[in-house]
Amino acid sequence: MTVLSRRAFGTAATAAAATLLVGCSSDGEGVRTSGTATSPSASASKNAPASTNTSAKSVPAVGRSAPVRLRIPAIGVDTPVMRLGLAPDRTVEVPPVTDHDQAGWYEKSPTPGQTGPSVILGHVTVGSYGDGVFHDLGRLRRGEKIVARLENGTETEFTVTSLRTVAKADFPADDVYGNVDRPELRLITCGGPRDENGYLDNVIVFAALTSSTSP
Amino acid sequence: MRRTVRRTVLSAVALAATAVLAGTAPAFADGTATPVPSTAPSEGTEAPTTAPTQDPAEEASPVPSEAPSDGPTTDPNQDPAQVAEVPAGAPDTGVTPASSDSGVPGTLIGGGAAAAFAVGGAAVFLVVRRRATGA
């Protein structure tokens, strides 16, 4: 009898234990499913760095700060940089024609080192004053360096990727002002043949950020 | 005697009753205990398995499958223009030496200087020639 009662108790205990185990296994599946739930998030986190990797193909962008000086050692340029806006006819302003010619940054474009095309302009000639600050821009070659110092003391170094001489009538606005996925620089001046109205071409230097140093 | 008989009868009945109860207990345990855990867990497993497997699958799968696909593809396309306002036309970044107004006074000054130099030279020439002729 006691044996029987023990058996009954044992059976009941086994059943209770089995119920408990089933409960644990269901919890286990919940964890597993939560594990599978985390695996997509893991794949999402894999995707997230992938998108940052695409933007990290080049040097990381720097914060917005206006350029104050521009150096191009290959052609002996070392000039202050002024700010330029839009003229009443919606064309871009250019630096004044003076003896001490300087470059100008188009302030509606990104600052050098920000993601996007930062646009800096300079004269090739300044009338009776002679050569402009970008007189020798057309001599730049791929791989040569351009350094822009920013208001906050950061120095951004760009490397020339290409140089184009284009007719003013066919100015490639999309290539110059269009969105890009890394910090880039555009240096623009005039060039080519001249007529009674002035130069017929633009010389455009395309460069990409290769390093930056904070103060 | 009767008391002892009664006592033995009562105890026998009690024993028989306990024996019956004890006999039914294992039958009860065998018959009912096994179905309970076998059915109950099966119900128990179904209930929790369906709940967590469906819920996280519904919750988790749409979020990451849509979010990463939207992220990288929409970023480059939907970004606002990096150049806030694209200027019209081509930049006029070259003032030719002869085309500006400042060239006019320059040529006047140059011409005047050349004329003065020519007049002076002619005067010197005349003086030298008169001295040579003894006039």
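Visitor: How many bridges join β5(A) to β6(A), and do they run parallel or antiparallel?
Guide: β5(A) and β6(A) are joined by five bridges and run antiparallel; two strands count as paired if DSSP finds at least two bridges between them. Helices and strands here are DSSP runs, numbered from the N terminus, where a helix is H or I over at least four residues and a strand is E over at least two. This is a predicted model, in which local features need pLDDT of at least 70, side-chain atom pairs count only at pLDDT 80 or more, and totals for chains, interfaces and linings use all residues. Residues are numbered from 1 along each chain as its sequence is written, while chains are lettered from A and ligands numbered from 1 in the order in which they are written.

Visitor: What sits between those two strands?
Guide: Four residues separate β5(A) and β6(A), which form a hairpin, and in the turn A:Gly153 has a positive phi of about 95°. Within the pair, A:Ala148 stands opposite A:Thr156 in β6(A).

Visitor: And which strand pairs with β5(A) over four bridges?
Guide: That is strand β1 (residues 67-72) of chain A, which pairs with β5 (residues 145-150) of chain A in the antiparallel sense. Here A:Ala148 in β5(A) has A:Leu70 opposite.

Visitor: Where do the helices of chain A come along the sequence?
Guide: Chain A has two helices and eight strands, and along the sequence they follow the pattern α-β-β-β-β-β-β-α-β-β. Of the contacts in chain A with a separation of 6 or more, 61% are between residues 24 or more positions apart; a contact means that the C-beta atoms, placed from the backbone, lie within 7 Å.

Visitor: Tell me about β4(A): is it buried or exposed?
Guide: Six of the six residues of β4(A) are buried, so the strand is largely enclosed by the rest of the structure. A residue is called buried if 20 or more other C-beta atoms lie within 10 Å of its own, exposed if 12 or fewer, and partly exposed in between, with C-beta atoms placed from the backbone.

Visitor: Which strands does β4(A) pair with?
Guide: Strand β4 (residues 116-121) of chain A runs parallel to β7 (residues 183-195) of chain A, with six bridges between them, and it pairs with β3 (residues 103-106) of chain A in the antiparallel sense over two bridges. On the β7(A) side, A:Ser118 stands opposite A:Leu185 and A:Leu121 has A:Ile188 as its bridge partner, while A:Trp105 stands opposite A:Ile120 in β4(A).

Visitor: What does A:Leu185 touch?
Guide: Not counting residues up to four places away in sequence, A:Leu185 touches A:Pro112, A:Ser118, A:Ile120, A:Ile146, A:Phe158 and A:Ala207. With 26 other C-beta atoms within 10 Å, A:Leu185 is buried.

Visitor: Now chain B, what is it made of?
Guide: Chain B has four helices and zero strands, and buried residues make up 7% of its 135 residues.

Visitor: What pLDDT does chain B average?
Guide: Chain B averages a pLDDT of 56, with 18% of the residues scoring at least 70; pLDDT is the predictor's confidence in each residue, from 0 to 100. Over residues 25-75 of chain B the pLDDT is below 50, and this stretch has 59 contacts in the model beyond near neighbours in sequence.

Visitor: And what are the scores for the model?
Guide: The model scores ipTM 0.71 and pTM 0.54.

Notes:
Two residues are in contact if their C-beta atoms, placed from the backbone, lie within 7 Å.
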